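Please open the structure in your viewer and keep the selection tool at hand.

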Amino acid sequence: MMEDFLQHLPKVELHAHLHGSLCIKSIHELGILLYGENTPEFLELSEKFIEFDKKDDLRKCFHRFTFMHELTANRKGLEAATDLVIRDFSRDNVVYLELRSTPRSFAGMSRRDYLEILVKAIESSQKAYNIIVKLLISIDRSQSIEVAEEIVSLAEETKNKYPNIVKGLDLSGDPFKGTFDSFQPLLKKAKDAQLSLALHCAEIDNQKETQEMLDFGFQRCGHGTFLNEKQLLQCAEENVTIECCLTSNVKCATVKSYDSHHFRNIFRNTKCKVVLCTDDCGVFDSTLTQEYLKGVEFYQLSKDDIQRLSMNAIETSFAGDEEKASIKKKVLEYLQKNSDNSEE
């Protein structure tokens, strides 16, 4: 069965936000750990976290993160949430994971403290669950330039201290807020510091900003929902990989349906590299395996297609060369071993 084949496939996840990636069961576990008991009030809040209806849109999706930020507003919560997220990806047989998170400050915790706690938790959890994990530090475009300046400086500092964990920078958050040109000097500074860039781009229909971002240059495009044909050609020519998040886009209503999702056109009709990702698997009640299954259901992905997507993800990841070679070997061995019984 294809489902079993995909479940056991060693997978690579390149677009996953820490606070959106806790599944409902893990949120319950976190609540028990933090509050000592699973109260009815907490269970009700947890259930609301993944209740999406047809009235939801992209703006409303961002309000759901407030709950998770409250749960991770201290060392214990942040450590536990990081561990649970990495554990859950490992259970889905993700062997390489790039996590994204915006450093936050709380009472008794600075943004530097936040990153230190996060990196240490990643180091511990990747050993415990036999998974390679990297960190992309996020700038939230709804925050001030002053906060973004601090985050870029901390990203440089943390990358120098933990070069095998901290690999890049992300620009994310509500795309209706802030402007790319206001953050561009800081992203140039990050580029100069050898931080790789995986930026949310063309998540909404803003052609002017999308073109500014593409002309600035970066390695990976988050979502790419509203890239036009000329921009897709530019991505192909400049080797920009597009991170497609099927369930996220449908549930946030930036695309009308899986059938009309831009992944199909990019994968079948362009020379762009594209990968499948979850975005926020907890919020959207999905897994990377389920995203691949959606690809099989709606776009008739074959074993060869899955191999192509897997190789794209490995090649465009921010892993080191030895790590890429090791992951590639593991994936190809699995594909070869299961080549005769993976489709049905």
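Begin by selecting Ala190, which has 0% relative accessibility and therefore counts as buried. Please note that the model is a predicted one. Ala190 lies in helix α9, which covers residues 180-192.

Which residues does Ala190 touch, if those up to four places away in sequence are not counted? Display Val152, Leu169, Leu195 and Leu197 to see them.

Now turn to the largest nonpolar core, which has 102 residues. Select Leu187 and Phe263, the residues with the most contacts inside this core. Then highlight helix α6 (residues 75-91), which gives the most to the core, with seven residues.

Return to Phe263 and show its surroundings. Leaving aside neighbours within four places in sequence, Phe263 is in contact with Cys244, Leu246, Val274, Leu276, Tyr299, Leu301 and Leu309.

For the last stop, select helix α10 (residues 207-216) together with helix α11 (residues 229-237). Their axes come within 11 Å and cross at roughly 15°. Angles under 35 degrees count as roughly parallel, and α10 and α11 are therefore roughly parallel to each other. The crossing of these two helices, α10 and α11, is left-handed.

Conventions. Residues numbered from 1 in each chain as written. Predicted model: local features only at pLDDT ≥ 70, side-chain atom pairs only at ≥ 80, totals over all residues. Heavy atoms only, no water. Axes fitted to C-alpha atoms, helices over the stretch in contact; angles between N-to-C directions. Helix = DSSP H or I, 4+ residues; strand = E, 2+ residues; numbered from the N terminus. Parallel < 35°, antiparallel > 145°, perpendicular 65-115°, else oblique. Left-handed = near helix turned anticlockwise from the far one by under 90°. Core = buried A, V, L, I, M, F, W, Y, C linked by side-chain atoms within 4.5 Å. Buried < 20%, exposed > 50% of the residue type's maximum accessible area, 1.4 Å probe, protein only. Contact = heavy atoms within 4.5 Å.
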